[in-house]
Amino acid sequence: MKNKILKLMMVFFAIVAFNACSDDDTIEFTTQAPPEQISFTNDFSSEYLLSPLIAQNNAERFTWEAPDFGVPTPVTYELQGSIDFEFTTPVVLAETTNQQAAITVGQLLSLADAAGIDNDPGTENPDTGELFFRVRAQIGTENAENSPETTSEVTTLMVTIISTGGPEPLPVLPNLYLVGSSVASGWDNNNNNFPMVRNPDNENVFTYTGRFINGEFKLLEERGAWQPQWGLQDGSLETSEDLGGDPGAFAIADGDGYYTLEVDTENKTHSIAPFDAAGSATYNTVGLIGFGTTGTDEGWNQDIDMTQSTFDPHIWYISEIALFDGEVKFRAEDDWGVNWGGNTEFSGYGSINGPNIPTTAGTYEVWFNDLTGNYMLIAIVE
């Protein structure tokens, strides 16, 4: 009897197991408990100033904690933006398996446009408004429909669309650029030609201190154009426009080294004198910092690193940058221990611990010489 009962029980459990397997065709994720809600961990600015000139720049880097789903599995995150708090139509700004994602000024501008925020005086739209952000976390990388997920609380950012122009056009003054076998560019007139620094008290006087090698060079007023050019005629400074032909070249024949070149385009005079750079400090980084780099006080907290010349390690530059009405300084090694300032826009003779340099909104090419503290902010006019 006991054997019969045991056999009947085994048959019963086998039937139940078979039915359970045949009725359940899908596998569902389960967790022991609902995951904790995810949350942002970075600090946000009180206001974000947006301009199309810096659309490629990062506006903010969102960071967040990883939620505990109770299982060891990859987690996929979506950083979402919206023009309303309810996320009626969420926009996926980034998808990642990391716990951070950066968004650009251009992405914020796109959201702002959808929200009806602009700085166009021809519309009634406001130039300031709120945009909304959240992060969604989901188990796995395939985003199955039944995957457990969690979404953060909504974070609100205030954005303002700003104008980068002004009522007065940017002043455009002729510059002088070095070209020739003695300098970094060689005879390529459109290849990183170093600019001379205009004297802030006399726009006709230019200086340049830096490395020269044995050879020759001339001065151009515009990169990519050979006319007008400046050089020497019978030992005197001359321009091709005055001569009706090209002048001769300056010559460096006393050996590779550092020199100071000064020219006066009004009085047609020049001088080339050796400069003692022995023992001068060399830096790993030099950066531009200040309100003028972002249009907010946050600009004083983050250097914009400059590119170091491979020909002369004391020359640094940024090929193109949008600046705002404000002030900037240069500093070494992301630290205030060594910093330079001045007191003029566009060009000037800087100095260690000098005053902040005023800036006017626009797009610029920036040059800096850590031997002398001299700098050039060259307006890029479209």
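1. Phenylalanine 217 is buried, as its relative accessible area is 0%; buried here means under 20% relative accessible area, exposed means over 50%, and partly exposed is in between, with a 1.4 Å probe and protein chains only. Phenylalanine 212 is buried too, at 1%. The two rings have centres 5.3 Å apart and planes at 45 degrees, so this is a tilted pair. For the cut-offs: rings of Phe, Tyr and Trp (its six-membered ring) pair if their centres lie within 6.5 Å, and planes under 30 degrees apart are stacked, over 60 edge-to-face, and the rest tilted.

2. Before going on, some housekeeping. This is a predicted model, in which local features need pLDDT of at least 70 and side-chain atom pairs count only at pLDDT 80 or more, while totals for chains, interfaces and linings use all residues. Residues are numbered from 1 along each chain as its sequence is written, and side-chain values use heavy atoms, with hydrogens and water left out.

3. Back to the rings. The chain has 19 aromatic pairs by this rule. In one of them, phenylalanine 194 and tyrosine 208 have ring centres 6.3 Å apart and planes at 40 degrees, so that pair is tilted. It links distant parts of the chain: phenylalanine 194 is in the loop between strand 9 (177–180) and strand 10 (197–199), and tyrosine 208 is in strand 11 (residues 202–212), 14 residues apart. Both residues are buried. Ring pairs join Phe194, Tyr208, Phe212, Phe217, Phe250, Tyr259, Tyr317 and Trp367 into a cluster.

4. Two arginines are worth a click. The charged end of arginine 134 sits over the ring of phenylalanine 87, 4.1 Å from its centre. Arginine 331 lies over the face of tryptophan 336, at 4.6 Å from the ring centre. The rule asks for NZ of Lys or CZ of Arg within 6 Å of the ring centre and within 35 degrees of the ring normal.

5. Which residues does asparagine 339 touch, leaving aside its neighbours within four places in sequence? They are Lys329, Phe330, Arg331, Ser351, Ile352 and Asn353, where contact means heavy atoms within 4.5 Å. Asparagine 339 is in strand 23 (residues 339–341) and counts as buried at 5% relative accessibility. Its side chain makes a polar contact of 2.7 Å with the side chain of lysine 329. A polar contact is a pair of N or O atoms within 3.5 Å; within protein, one must be able to donate a hydrogen and the other to accept it, and residues adjacent in sequence count only if both atoms are side-chain atoms.

6. The peptide bond from glutamine 227 to proline 228 is cis, with omega near -5 degrees, and proline 228 is in the loop between strand 12 (215–220) and strand 13 (229–233). Lysine 268 is not a glycine, yet has a positive phi of about 60 degrees; it is in the loop between strand 16 (257–264) and strand 17 (269–274) and is partly exposed at 26%. Glutamate 333, also not a glycine, has a positive phi of about 55 degrees. Glutamate 333 is in the loop between strand 22 (326–332) and strand 23, and is partly exposed at 33% relative accessibility.

7. Alanine 361 is in the loop between strand 26 (357–359) and strand 27 (362–369) and is buried, with a relative accessible area of 8%. Its C-alpha atom is 8.1 Å from that of glycine 326, 35 residues away along the chain.

8. Of the 382 residues, 44% count as buried. Residues 24 or more positions apart account for 65% of the contacts with a separation of 6 or more.

9. Last, confidence. Mean pLDDT (the predictor's confidence in each residue, from 0 to 100) is 84, and 84% of residues reach 70 or more. Over residues 1–34 the pLDDT is below 50, and this stretch has nine contacts beyond near neighbours in sequence. Residues 166–170 are also below 50, with five such contacts. Where pLDDT is low, the predicted coordinates should not be read in detail.

Note on methods
Helices (H or I, at least four residues) and strands (E, at least two) are DSSP runs, numbered from the N terminus.
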